[in-house]
Amino acid sequence: MVNPELSYQASEIPSFTTYNAARSVADLVAQHFESHHQAVSRYYEHDLAPKPDARTIESIIDTTFWASLRKEEGRSPKVSIAFLPPEDAEHPLIFAEKLPLTANTLTKLAPAVERSGIHLGVWPTSEGLCIWGTTRVIPGLCFVLEVIEPGMLVIKHRRVDGFGKFVNVAVLKGDQIKVVNEESVKERDCPSVINSMIGFKSPKLWNNSPNLLVQLAVSMRSHERGGILLVVPTGLEKWRKSIIHPITYQVEPAFSELAHLYRGYLDEPNPLTWQTQFAAAVNNLAGLTAVDGATIINDQYELLAFGAKIGRSADGVPVEEIIMTEPVIGNVGMVVHPVQTGGTRHLSAAQFVYDQRDAIALVASQDGRFTIFSWSPCEKKVQAHRVDALLL
């Protein structure tokens with residue numbers, strides 16, 4: 001619950017900013033938090049983080065952007081800022097004297113908080129926005145701004161239920177702005193894994209199975225070696241027609257650690273032990289995608305093979321057209337040749353889904369791009385969904 005003494009008015013926050021993207025995106029982000037606070041409060045019995053207004057959002061983005069372009073001892077700062085008062089955090093580390101939220105302060109503090117999961121707590125005082133300390137645990141729907149690299153920021157918030165990757169709201173890179181389009185989940189044939197990445201529509205999204213694929217996608221991207229993960233229907237063997245034999249790293253019997261952990265969570269969740277085991281199992285499986293070739297699992301998350309070479313099925317024809325989309329506001333799907341989505345990995349993944357239309361393919365590039373391929377029965381084409389903005 002927010003302390004009345006720490007409540008604030010927008011007029012207390014300076015309105016002068018020099019980063020134009022901060023001004024452009026602030027209202028949209030404020031509307032996002034307002035609408036989702038209203039929706040979530042109907043079913044969520046715990047306290048939520050306070051809602052930031054547009055002026056506060058603009059000021060935090062502006063200051064953090066300029067800080068991201070500085071260097072301290074030759075290193076660019078990487079910080080994560082959470083907007084909340086200290087009493088809304090769990091076990092906060094509180095400074096004796098609050099520090100002004102300035103580019104200089106953020107640059108100096110960055111080495112202490114650059115590791116994942118540590119947030120600088122920011123809240124207004126009579127002197128303006130100040131840093132009161134750090135926290136590792138924040139409430140649901142807490143506004144978070146993270147520096148990914150110099151000039152690149154991600155606005156996100158913690159999921160209300162469950163654990164795992166935060167929900168991304170917008171990505172800013174220099175003067176480029178990508179605001180995640182919530183309406184993408186209404187598109188025909190949008191894969192459920194993308195709905196889970198967007199994470200807006202259902203209060204229970206984090207507890208359904210597609211979110212395991214979200215975690216695998218995050219882990220695949222993090223090893224920075226590139227890779228392909230193919231998800232095929234359980235009990236069917238026709239996917240083998242699109243794989244070159246023999247398979248060097250076939251798994252017999254199917255490795256079911258992740259499937260077992262998922263079923264165990266549904267039956268009797270124990271967050272103190274399950275989360276650690278689950279994260280290790282996800283990283284173990286995602287690590288196999290770094291091996292040249294494709295990693296293959298079924299839709300029950302049992303590992304079937306890795307390092308498999310994709311080839312066109314004997315009765316198949318080359319895929320000539322796909323629909324390329326990105327779930328951000330302003331994006332319009334385009335029909336392109338598969339080579340326009342990337343290199344050999346992307347082309348082979350598109351061909352696999354074209355031949356095996358009940359499968360999906362997750363493709364990570366070494367440069368951080370991430371694409372999900374699925375079949376669209378309505379369009380009768382393979383869809384390539386670029387989801388980098390959802391995974392940062």
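**Group meeting: a walk through a predicted model**

Let's start with Pro 253, which sits in strand E10. Strands here are DSSP runs of E with at least two residues, helices are runs of H or I with at least four, and both are numbered from the N terminus. Pro 246 lies in the loop between strand E9 (227-232) and strand E10 (249-255).

Some housekeeping. This is a predicted model, so local features need pLDDT of at least 70 and side-chain atom pairs count only at pLDDT 80 or more, while totals for chains, interfaces and linings use all residues. Residues are numbered from 1 along each chain as its sequence is written, and side-chain values use heavy atoms, with hydrogens and water left out.

How confident is the predictor? pLDDT is its confidence in each residue, from 0 to 100. The average over the protein is 87, and 87% of the residues score at least 70. Two stretches stay under 50. For residues 1-8, the model has 20 contacts beyond four places in sequence, where contact means heavy atoms within 4.5 Å. For residues 200-209, also under 50, the figure is 35 such contacts.

Now the overall picture. The protein has nine helices and 17 strands. Of its 392 residues, 53% count as buried; buried means under 20% relative accessible area, exposed means over 50%, and partly exposed is in between, with a 1.4 Å probe and protein chains only. Looking at contacts between residues at least 6 apart in sequence, 65% join residues at least 24 apart.

On to the cores. A nonpolar core is a set of buried Ala, Val, Leu, Ile, Met, Phe, Trp, Tyr and Cys residues joined through side-chain atoms within 4.5 Å. Which members of the largest core touch the most other members? Those are Ile 60, Ile 61, Phe 143 and Ile 155, out of 47 residues. Helix H1 (residues 20-40) gives the most to this core, with seven residues.

Because 13 of the 15 residues of H2 are buried, the helix is largely enclosed by the rest of the structure. At its N-terminal end, Asp 53 provides a cap, with a side-chain oxygen 3.1 Å from the backbone nitrogen of Arg 55.

Thr 64 is found in H2. Is Thr 64 buried or exposed? At 1% relative accessibility, it counts as buried. Leaving out residues up to four places away, Thr 64 touches Val 79, Ile 81, Leu 106, Leu 145, Val 147 and Leu 153.

Glu 73 has phi near 55° and lies in the loop between H2 and strand E1 (80-83). His 91 has phi near 50°, in the loop between E1 and strand E2 (93-100). Glu 73 counts as exposed at 77% relative accessibility, and His 91 as exposed at 71%.

Another threonine: Thr 325, in strand E13 (residues 322-325). Thr 325 counts as buried at 18% relative accessibility. Its C-alpha is separated by 7.4 Å from that of Gln 383, 58 residues apart along the chain. Its side chain makes a polar contact with the side chain of His 385, at 3.1 Å. A polar contact is a pair of N or O atoms within 3.5 Å; within protein, one must be able to donate a hydrogen and the other to accept it, and residues adjacent in sequence count only if both atoms are side-chain atoms.

Last, cysteines. How many disulfides are there? Taking a disulfide as a pair of cysteine sulfur atoms within 2.5 Å, the count comes to zero. Cys 130 is buried at 7% relative accessible area, and Cys 142 is buried at 0%.

Technical notes: pLDDT is the predictor's confidence in each residue, from 0 to 100.
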